[in-house]
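The sequence and the model are shown first.

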Amino acid sequence: MPLHANKPKEITPGFPTKDEARTALHRYLTGRTFGINTCPNQTVAEYLASWLAAKKLRLKPTTWVRYRDYVHHDLIPHLGAIRLDDLAHEHILAFVQT
């Protein structure tokens with residue numbers, strides 16, 4: 001029996017194609033330029049939670065509370081389940097028109 005017969009199969013994360021990897025890298029680098037560091041699989045709710053946490057020390061307490069309430073009462077119920085990578089103009093339009 002070979003020594004590596006019981007070795008678990010190595011799983012390597014990545015992208016199915018080089019073009020998808022390039023696209024993801026471009027999005028990541030563009031986001032960093034604007035101070036956004038996100039994973040495309042992240043939902044809007046997850047992103048907003050981290051965004052709020054980052055803003056807490058930079059804003060006046062009353063401003064932060066208004067932002068928190070808006071995020072939790074308006075944005076997350078309507079857009080929170082959508083993956084950031086899937087968020088489109090139509091989602092925003094539907095939100096503002098309701």
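Two residues are in contact when they have heavy atoms within 4.5 Å of each other. By that criterion, the buried residues of helix α2 pack against helix α3. The model is a predicted one.

**Overall make-up**

The protein has four helices and zero strands, and the order along the sequence is α-α-α-α. Of its 98 residues, 15% count as buried. Among contacts with a separation of 6 or more, 50% are made by residues 24 or more positions apart.

**Helices α2 and α3**

Helix α2 covers residues 44-55 and helix α3 covers residues 61-79. Their axes come within 10 Å and cross at roughly 175°. Angles over 145 degrees count as roughly antiparallel, and α2 and α3 are therefore roughly antiparallel to each other.

On the α2 side, the contact is made by V44, A45, L48, W51, L52 and K55. Their counterparts in α3 are W64, Y67, R68, V71, H72, L75, I76 and L79. By class, the residues of this contact comprise eleven nonpolar, one polar and two charged.

The buried residues of α2 are V44, A45, L48 and L52. Viewed down the axis of α2, the buried residues lie within an arc of 95°, so they line one face of the helix. An α-helix has 3.6 residues a turn, so residues three or four places apart point the same way. The face of α2 formed by the buried residues is packed against α3.

**Two single residues**

Y70 belongs to helix α3, whereas T43 sits in the loop between α1 (18-33) and α2. Is each of them buried or partly exposed? Buried means under 20% relative accessible area, and partly exposed lies between that value and 50%. T43, at 19%, therefore counts as buried, while Y70, at 41%, is partly exposed.

| Residue | Relative accessible area | Contacts |
|---|---|---|
| Y70 | 41%, partly exposed | L75 and F95 |

Definitions and conventions:
Residues numbered from 1 in each chain as written. Predicted model: local features only at pLDDT ≥ 70, side-chain atom pairs only at ≥ 80, totals over all residues. Heavy atoms only, no water. Axes fitted to C-alpha atoms, helices over the stretch in contact; angles between N-to-C directions. Helix = DSSP H or I, 4+ residues; strand = E, 2+ residues; numbered from the N terminus. Parallel < 35°, antiparallel > 145°, perpendicular 65-115°, else oblique. Nonpolar A, V, L, I, M, F, W, Y, C, P; charged D, E, K, R; others polar. Buried < 20%, exposed > 50% of the residue type's maximum accessible area, 1.4 Å probe, protein only. Arc of directions from axis to C-beta.
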